[in-house]
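The following exercises are meant for a reader who meets this structure for the first time. Each consists of a task and a worked solution.

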Amino acid sequence: MTDESLDHRKTRALRIVKHLKEKYPADPKTALDYETALDLLVATMLSAQCTDARVNIVTKELLKKYRTAEDYAKEDIAAFEEHIKSTGFYHNKAKNIIAMAQALLKDHEGEVPGTMEELVNLPGVGRKTANLILGMIYGVPGIVCDTHVIRVSQRLGLTAHKDPEKIEYDLYEVIPQEEWTGFSNRLIMHGRDTCHAKKPDCAGCIVNYVCPSAFKV
Ligand code: SF4
């Protein structure tokens, strides 16, 4: 990436956007199940270090029981932990989700706010979660820099950084704004289907001709 001009990187990025849209033409969605903004916020907080499939199993019952910020805010932590245990790191997740709900009641009348600044001020909410909420609920474009986006964008030579926030800004520089949400969701799907962490399927990869890591990982 270091020797490549910004213009050249932008040209490659546009080709990657185009091909990933051909591969995944449907409107990009998250793999997490939800109905409301609060459901999605809780599901995303549960998904740290856990598969989306496991989170969906847990939230199937959880989201029927907890419908509002008040339902979470008044819950006993130990009782809540029991419901989310199988997602791992449940002490911290329970503490953060209940504190997040209490903050929603205190500062936002129980509603999930719609700005980056307000979202990242909630306990346990970082930029990745905030961008997911902004993109999926409020239609505000953003890059959700999860483990797949980090790995695949590095391999594609769209960033040389390791820090998710720096990667996010590198991608903002080369991807058109209206594509940010869709691009990050498609990169996640591409990472799951083809550009696997251990053994990427470069031979079957639709963007191998513009990938500097093709057949080298
Ligand atoms: S060519 Fe290989 S390393 Fe590059 S994006 Fe495709 S699967 Fe990943």
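**Exercise 1.** Determine whether C205 counts as buried or exposed in this predicted model, and describe its surroundings.

*Solution.* Step 1: count the C-beta neighbours of C205 inside 10 Å; there are 20. Step 2: apply the cut-off, by which a residue with 20 or more such neighbours is buried. C205 therefore counts as buried. Step 3: locate C205 in the chain; it belongs to the segment after α11. Step 4: list its contacts, setting aside neighbours within four places in sequence. T194, C195, C211 and A214 are then in contact with C205. Step 5: take one of these partners, C195, and compare the two separations. C195 and C205 are 10 residues apart along the chain, and 7.7 Å lies between their C-alpha atoms.

**Exercise 2.** State which residues come nearest to the ligand, and classify the residues of the shell around it.

*Solution.* Step 1: the ligand has 15 residues around it, of which C195, P200, C202, C205 and C211 come nearest. Step 2: sorting the residues of the shell by type gives 10 nonpolar, three polar and two charged. Step 3: connect this with the first exercise.

**Exercise 3.** Describe how helices α9 and α11 are oriented towards each other, and identify the residues that form their contact.

*Solution.* Step 1: helix α9 spans residues 147-155 and helix α11 spans residues 180-193; their axes come within 8 Å and cross at roughly 80°. Step 2: angles of 65 to 115 degrees count as roughly perpendicular. The two helices, α9 and α11, are therefore roughly perpendicular to each other. Step 3: on the side of α9, the contact is made by H148, V149, R151, V152 and S153, and on the side of α11 by S184, L187, I188, H190, G191 and R192. Step 4: by type, the residues of this contact comprise four nonpolar, five polar and two charged.

**Exercise 4.** Characterise the chain as a whole: what does its secondary structure come to, and how does its radius of gyration relate to the globule rule?

*Solution.* Step 1: the chain has 11 helices and zero strands. Step 2: its radius of gyration is 18 Å, close to the 17 Å that the globule rule gives for 217 residues, so the chain is as compact as a globular protein of that length. Step 3: along the principal axes, the C-alpha atoms fill a box of roughly 55 × 30 × 30 Å. Step 4: of the 217 residues, 38% count as buried.

Technical notes. Residues numbered from 1 in each chain as written. Predicted model: local features only at pLDDT ≥ 70, side-chain atom pairs only at ≥ 80, totals over all residues. Axes fitted to C-alpha atoms, helices over the stretch in contact; angles between N-to-C directions. Helix = DSSP H or I, 4+ residues; strand = E, 2+ residues; numbered from the N terminus. Parallel < 35°, antiparallel > 145°, perpendicular 65-115°, else oblique. Contact = placed C-beta atoms within 7 Å. Nonpolar A, V, L, I, M, F, W, Y, C, P; charged D, E, K, R; others polar. Near = placed C-beta within 6 Å. Buried ≥ 20, exposed ≤ 12 C-beta atoms within 10 Å, placed from the backbone. Rg over C-alpha atoms; globule rule 2.2 N^0.38 Å.
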